[in-house]
Amino acid sequence: MDTMIIFKALSNDTRVQILKWLKNPDENFGPQLYLPPDADFEGGICVGSIQEKTGLAQSVISSYLMLMKKAGLLESKRYGQWTYYRRNEETIRKLADYIKNEV
């Protein structure tokens, strides 16, 4: 776990908001129409849905999501032409433990 990359990813209000929204994806985004019913990626949200909710350009959101994935805060999976993201709860738990015990 690279805490400096994580803290950099969390230094932006929109990126933090995305993590908060992804904590309850059904409430915040609704059903994902193009996610195959047999997909093994529960809680995954399409980049387009995230982009629409933020109101920012798709290129900006894509760069935010890639940074958050590099930090380990998100996981992604591609289905056809759509990429879906969800929280990486393991990394978030490790970060919480790190803050609790080390900071």
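1. Lys94 and Glu90 both belong to helix H6 (residues 89–102), where they stand four residues apart, about one turn of the helix; helices (H or I, at least four residues) and strands (E, at least two) are DSSP runs, numbered from the N terminus. An α-helix has 3.6 residues a turn, so residues three or four places apart point the same way. Lys94 forms a salt bridge with Glu90, with the closest N and O atoms 3.3 Å apart, a salt bridge being a side-chain nitrogen of Lys or Arg within 4 Å of a carboxyl oxygen of Asp or Glu. Lys94 is partly exposed at a relative accessible area of 44%, and Glu90 is partly exposed at 46%, where buried means under 20% relative accessible area, exposed over 50%, and partly exposed in between (1.4 Å probe, protein chains only).

2. On provenance, this is a predicted model, in which local features need pLDDT of at least 70 and side-chain atom pairs count only at pLDDT 80 or more, while totals for chains, interfaces and linings use all residues. Residues are numbered from 1 along each chain as its sequence is written, and side-chain values use heavy atoms, with hydrogens and water left out.

3. A search of the whole structure finds three salt bridges. Glu75 pairs with Arg86 in one of them, the closest N and O atoms being 2.8 Å apart. Because Glu75 lies in strand E2 (residues 74–79) and Arg86 in strand E3 (residues 82–87), the pair ties together parts that are eleven residues apart in sequence. Glu75 is partly exposed, with a relative accessible area of 27%, and Arg86 is also partly exposed, with a value of 22%.

4. Glu89 and Arg87 meet through their side chains in a salt bridge with an N to O distance of 2.7 Å. For this pair the accessibility classes are as follows: Glu89 is partly exposed at a relative accessible area of 34%, whereas Arg87 is buried at 13%.

5. Turning to the rings, a search of the whole structure finds three aromatic pairs; rings of Phe, Tyr and Trp (its six-membered ring) pair if their centres lie within 6.5 Å, and planes under 30 degrees apart count as stacked, over 60 as edge-to-face and the rest as tilted. Among them is the edge-to-face pair of Trp21 and Phe29, at 6.1 Å centre to centre and with 90 degrees between the planes. Trp21 counts as buried at 14% relative accessibility, and Phe29 is buried with a relative accessible area of 15%. Another edge-to-face pair is formed by Tyr79 and Tyr84, with 6.0 Å centre to centre and 70 degrees between the planes; Tyr79 and Tyr84 are both buried.

6. Lys53 deserves a separate comment. Lys53 lies over the face of Trp21, at 5.1 Å from the ring centre, and the charged end of Lys53 also sits over the ring of Phe29, 5.9 Å from its centre. The criterion is that NZ of Lys or CZ of Arg is within 6 Å of the ring centre and within 35 degrees of the ring normal.

7. Met4, Phe7, Ile99 and Val103 make a nonpolar surface patch of about 410 Å². Patches are made of residues with over 30% relative accessible area and no salt bridge, with like charges joined within 9 Å and nonpolar side chains (Val, Leu, Ile, Met, Phe, Trp, Tyr) within 5 Å. Accessible areas come from the Shrake-Rupley method with a 1.4 Å probe, and for residues only the protein chains shown count as cover. Met4 lies in helix H1 (residues 3–9) and is exposed, with a relative accessible area of 61%.

8. Two C-alpha separations concern the part of the chain around H1. Leu10, in the loop between H1 and H2, counts as partly exposed at 26% relative accessibility; the C-alpha atoms of Leu10 and Leu73 are separated by 9.5 Å, although these residues are 63 residues apart along the chain. Asp2, in the segment before H1, counts as partly exposed at 40% relative accessibility, and Asp2 and Lys70 are 68 residues apart in sequence and 9.5 Å apart in space, C-alpha to C-alpha.
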